[in-house]
Every structure is written in C-alpha cells, then in structure tokens.
Number of protein chains: 2
Amino acid sequence: MLDEPRFDDADLHERVTIGDVAERAGVSIATVSRVVNSRYGVAPATFEKVKAVIDDLGYESSLIARSLRSQRTHVIGVLVADIEPFSAEVLKGAANALRGGDYELVVYSGGHGGDHVGWERRYVSRLSGTLTDGTVLVTPTVAEVSLNQPVVAVDPQSSESAFPTFASQNYEGALTATRHLIELGHRRIGFLGGRRDLESARLREQGYRDALHEAGIEFDAELVLEGGFKEATAAGPARQLLALADRPSAVFAANDLSAIQTMRTAQELGLRVPDDLSVIGFDNVPESALTHPPLTTVDQSIQALGFEAVRTLIALIEQPALRREPPSHVSMPTKLVVRQSTAAPRAATA
Amino acid sequence: MLDEPRFDDADLHERVTIGDVAERAGVSIATVSRVVNSRYGVAPATFEKVKAVIDDLGYESSLIARSLRSQRTHVIGVLVADIEPFSAEVLKGAANALRGGDYELVVYSGGHGGDHVGWERRYVSRLSGTLTDGTVLVTPTVAEVSLNQPVVAVDPQSSESAFPTFASQNYEGALTATRHLIELGHRRIGFLGGRRDLESARLREQGYRDALHEAGIEFDAELVLEGGFKEATAAGPARQLLALADRPSAVFAANDLSAIQTMRTAQELGLRVPDDLSVIGFDNVPESALTHPPLTTVDQSIQALGFEAVRTLIALIEQPALRREPPSHVSMPTKLVVRQSTAAPRAATA
DNA sequence: ATGAAAGCGCTAACAT
DNA sequence: ATGTTAGCGCTTTCAT
C-alpha cells in the first residue's frame, strides 16, 4: 500500500526488447523471434526456456518494430477526421465486426477535425504498408487513395470509386424526410446542406429538391444553405436561415448535428420547436433522442455501415483474388423516425 | 471516368520513401530528413529543391519508422477494451481535448472485448515508447502499468494508483439512484453490479447498500448479482433477478448497458416498465434515451472525463517535472436524470 | 552545408 | 535446430 504514490523513476522501467530476452535465455534474437511467432524449427527444450524468460521479463513484441518488417499485422485501421457522433457509431459497428476475430483495431484521428482536404491521404501514407493490413476511410475528403493494401470507404465521396464503398440510401431518405414535412402541410422548407464533396450530402439535397418538385413547390435558392455537417459550421447558416424575412416553417438539416444546432439556434431566437419551426435531421445518432423536443430524423444504420465495411475489408485482406473483382458499392435502407420536432405549421393547413 | 472500376495493380502504388525523395532530389537521405523536420543547417536552395520533390512525389514520412527512432511522436494513445457506448463517449471527450492542438489520436482496441485480464499491459508495451507519447487507459483491468512514459486512467481500478485517474463520484451517484427508488416507495430493490475489479463498480454497490441501510431496508444478498457492465454478461443475471419468487419491484443496474438489458429481459418476461418494474441505470450514455420507455439514470460527464484525462496527459508529456508530483485523482459530480423507467411500485405506497 | 553510417526492434533469408 | 546477416524507413551522431 503506497502512502503517497508518485510517478518516480522506479516506475519508468525501460522497455524489454527481444535482445534482452535473447541475452537472458542465452540464445540468438532470431530464436526468440521464432518462439514468439511460433515458427517451426525450435527444439522443445529451447522453446520452453525462451518462453519462461519471456514470461519472466514480461516481454511483449513491439507492434511498431514488427510492422516495419513484416507484411501482416492483423490490425485494421480506421481513419476518421474526428470522433463525433457519426464516426463514433461507425466505430462501434467496426468493433462489433472484429469481436471474437483475431484482428485488432487502430483508429487514427487527426487533431484538426479534418479541416484539411486530403488529410486521409496523409494519414494513409503515414500508417499503411506498415501498421495496418487494410484501412477503412470514414467520410473521406478525397475520392481516390493509392495504396498498396486494401481500402474501403464509409460515406464516400462517390460510389463510383475504385474501392468498395458503404453508404445509405441517401436520396430516398431525403425524399422521405422532405415528404414528411410536406405532408404535415409545410410549403416553405429550408435545407441546411452538408459537405458538398460527399456524395451523401449531394444526394440528400437532390432528394429534397425532387420532393419539393413532385409536390409542386417551387425551389427557392434562398432556402438552401451549406452547414458542413458540424455544429460549429452549421451555426451561421442556421441563423441565416431562421433570420430570413420570409422565414421557413420547417428545416431539413442534412445530418443530426446540424439539426441539433438548428434547434439550438431556433431557441436562441425565441422560436419554439415544433410550434414555430419544424426541424428534421438525418442519421439518427443516439444524441438525436436527447434533444428537447426529441428530434425527428431519418435513421441510417450507421453501425451496420461500419460493420459491413470491416467485414469486406477483412475478406479483401485474406483473399487477394477478390481485389481483382469490381468493387461492391453497398447502399443500405433508411427509415423515417418521427419524434417530436416536427408538426403541422401553425398558421396553415395548406 | 472509369467505366468498370477495379482495384488493380495500377492502384497498388508503392510507398514513397525518404530514399525515393533523396534520390530524385540528388541529395542524401539525411538532408531530406533535415528538411522534413525543419532542422538547421540546410542551404535555402537545397531546402527548396527537396521541398519541391516532396510535394511532387507526395511523400509523407512513415509515423511508424519515425517513432522507432525518435522520442516524440505527438501522438496520444487511448487504450480501450472495446468500442461501446461508454468508451465511445470517452473518445469523443478525448478528441475534443485534442481539437486545434498539434497532437493526433490513436485509439487501440483489442478485438476480444478485453475479456482477458491484463490486456492493456500487453498493448501498452506493444505500442509505447514507440508510437505514442503517452497513454490513456480506459476501464483498465490492472491497477499498475510500468512504462517509460506518462499514463493516466479513466474509470480506474483504484484511485490510489500511481498515475492520475479520472472518475465520477460513483458512491454519491449510487446513493442518489437508490434513494430515488426508495423515495418512489420501493423496498425490494435489486442491484445488478458491474465489474468488481473496477473501483466504480465497488463504489456503486456500496452506495446501494448504504442507501438501503439509511432507509432501514434490510440487505438481501439474493438481490445482488454481478452483471459485468456488458449486455451479453448482464443478460443471465438480469433474468435470474427477475425470475425470483419474491421478485424485486425495482432494479438499479450499475451501468446503462446492463439497465437496458434488464429492460429487455423484463419485456421478454412480460413485465412492463415502469408499471411492473422500475429500472434505473448509471452513465447516461446517449443510448439510454432511446429505450422504451426512456431510461432513468445517473448522469456522469463521461466526455469530461476523457477531456480532462487528455489534458492532464499532455501536461505530463510536455512538463516532465510534473511527473514528480503526486498524481491527481479527479472525481466529477453526477446528476440524477429522471426519465420514464422508474415509478412508484404498483401495489404499495410503502 | 552535406553525406556516410549506425542503429531503433524486429523478421526473414541464408548459413551452418 | 540455431545463428548470422541484411534490411524495413527513419533520425542522429560523426565526419568531411
């Protein structure tokens, strides 16, 4: 029982290397390596002796040193720009796909919130061919990444890409969301768009436009702003939308985060949701249920996206022949989740 | 525009190494390294020339190779047993602390859900001294990890540990949760505990016991089971609790995941929540608002835990002198969040 | 100002 | 069966 615990030099043990083990066991480094990797050609007695020393010293091979030399690391990399509700759900799905298997997961996130186009190119080349056996790109800012190992993307730039992609039926989901508002009687519907470089953002906008069109509602460019998918970037456009002289009675935000920000902005402006303003989001991240009122949104199975992406990646890693096949482009269904942030407009029955 | 995109050899570009740059620029590897790391002693003309080649070739230094040689990597490691709602919130907080700074984040998760005691010892030694400048341990299974670089822990084994720890006021939170049930009129209250090796689990059980005691309710060992904090491990104990001849009218689950599992089990057994059974959780992960009915729970600021842990870790990395100070043990307040899974017991007013 | 060379911890040929 | 050796891509002395 330590009286006054301290992080002092006694705790700063030097790392035990393969050389330490070799020396102590009286064998060569190569032999230790063989034991560690259960290679053939080690005498049972030597094997046991080395194993004992390994246990004794508490040796663990350095993944980094090993990955520098050998091909397979049994590590899957996931590259995210930031850890926020959407990517966190992807990660949960990815972790789920790995459970029980013999792959480990390394998530790499830049500290800059991915505000730099091409960040993943940088990270991919910094990590791959080395640490990981394959990489999952989440909402990448580039459509192509050249790499000497398998890559798949979740919520890609384009589903025409050269590697497998995993997305939801964004167009259909956006149609459904907008129709929901129209059916409630809204005619003046704002759209707070996402990152235009992502296919998902483009398709959601198209769904919005087409739903208006089929309902005979004229498109008004004033009502369409880009919110960038993040709370910080959505704040300005949301305010702009709600400050309009002829304010929309409803806003379809291209993801939950910007929908949540829209609700916050509405509140700041003294607008009540859904009485004065209906808000609908997209994603159905868990956070969307925590708002007041709870957010109506379009559910996409984000975890399933991450799950399938990892499954496919592992298949690609283990069966190189598959890499010659045309890449699959998975598109998953969405579902309207009606909660309490949408209602009929106050003044109208339209 | 590719007609039928394929992942073929043309895409499998070899990694550009420092040697490629050196060769192309007609300088030595050492010089390129100096340019990359902005070291002194490079002629302006050489500097520019090399920089041009770097841009041209799209060279990025390998983090792995670099970390093998040099001390500082500007990467923070977070070790989690699995990516589930709790750890995901910690990660969001950690990412938040890194935003705008010049550290990057690597999350390492074993594929085995951390079902192996001491897994983090393994991962710490596999990664550290190399890839990362410091490590955040999340819900570790060991109290001490010896390492030649700073370590901090979130939701530790013990807040007596030799490194800084970050936890919530688990005892107080559990008191509050149990009192809430008692105030509603419950007398027969089950407790679905967590991983006993974690201090949080032990404190929550103590809070439960003490709240019963102060209310003059006799402790019944039959009503206390260990649920292991995960849905899979909680299922059995939850069923056992609800199948009791003298079934509890309320259950306090030691975290939200086991509370959610308890609600699910109740439903399977035909029990309505909260009419036939009240359920209260602990954590307030976003998922807790998604249940039917929404879960009453004790909120802990999980993201803040992750945030502060990273902040402290960075301070420890950048100011080695701090490592000689006694480690801080942060304890954050909790808050009861009453939603709809708790109510007065049906038959009694107690 | 620049290059040659050693070496970080490890694996994989190649010897023996 | 085991050891020797050559790197993996990089940083860092130490020469020049």
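Let me start with how the elements are named: helices (H or I, at least four residues) and strands (E, at least two) are DSSP runs, numbered from the N terminus. The model that I am showing is predicted, and for that reason local features need pLDDT of at least 70 and side-chain atom pairs count only at pLDDT 80 or more, while totals for chains, interfaces and linings use all residues. Residues are numbered from 1 along each chain as its sequence is written, and chains are lettered from A and ligands numbered from 1 in the order in which they are written.

I begin with the DNA. A residue is called near a strand if its C-beta atom, placed from the backbone, lies within 6 Å of it. Around DNA strand C there are 26 residues, of which A:I18, A:S33, B:S28, B:A30 and B:A43 come nearest. For the composition, the classes are as follows: Ala, Val, Leu, Ile, Met, Phe, Trp, Tyr, Cys and Pro count as nonpolar, Asp, Glu, Lys and Arg as charged, and the others, Gly among them, as polar. On that basis the surface near DNA strand C holds twelve nonpolar, ten polar and four charged residues.

DNA strand D is surrounded by 26 residues, with A:S28, A:A30, A:G41, A:A43 and B:I18 as the closest.

Now to helix packing in chain A. Two packed helices are described by the angle between their axes and the distance between the axes. For helix α1 (residues 18–25) of chain A and α2(A), the axes come within 8 Å and cross at roughly 105°, where axes are lines fitted to C-alpha atoms, for helices over the stretch in contact, and angles run from 0 to 180 degrees between N-to-C directions. The two helices, α1(A) and α2(A), are therefore roughly perpendicular, given that angles under 35 degrees count as roughly parallel, over 145 as roughly antiparallel, 65 to 115 as roughly perpendicular and the rest as oblique. In this pair A:I18, A:G19, A:V21, A:A22 and A:A25 of α1(A) meet A:I29, A:V32 and A:S33 of α2(A), a contact being two residues whose C-beta atoms, placed from the backbone, lie within 7 Å. By class, the contact of α1(A) with α2(A) has six nonpolar, two polar and no charged residues.

Next, chain A as a whole, which has eleven helices and twelve strands. Its radius of gyration, taken over C-alpha atoms, is 26 Å, well over the 20 Å that the globule rule gives for 350 residues, so chain A is more spread out than a compact globule; the rule is 2.2 Å times the number of residues to the power 0.38. The C-alpha trace of chain A spans about 85 × 60 × 30 Å along its principal axes. Among its contacts between residues at least 6 apart in sequence, 70% join residues at least 24 apart. Buried residues make up 51% of the 350 residues in chain A, where buried stands for 20 or more other C-beta atoms within 10 Å of a residue's own, exposed for 12 or fewer, and partly exposed for anything in between, with C-beta atoms placed from the backbone.

Some individual residues deserve a word. In chain B, B:V279 lies in strand β9 (residues 278–280) and is buried, with 30 other C-beta atoms within 10 Å. Not counting residues up to four places away in sequence, B:V279 touches several residues, including B:V251, B:M263 and B:L295.

Finally, the backbone. The peptide bond from A:H292 to A:P293 is cis, with omega near -10°, and A:P293 is found in the loop between β9 (278–280) and β10 (297–300) of chain A. In chain B, the bond from B:H292 to B:P293 is cis, with omega near -10°. What is phi of A:H74? The value is near 60°, positive in a residue other than glycine, and A:H74, in the loop between α4 and β1 (75–80) of chain A, is partly exposed, with 14 other C-beta atoms within 10 Å. B:F229, likewise not a glycine, has a positive phi of about 70°, and with 26 C-beta neighbours inside 10 Å B:F229 counts as buried.
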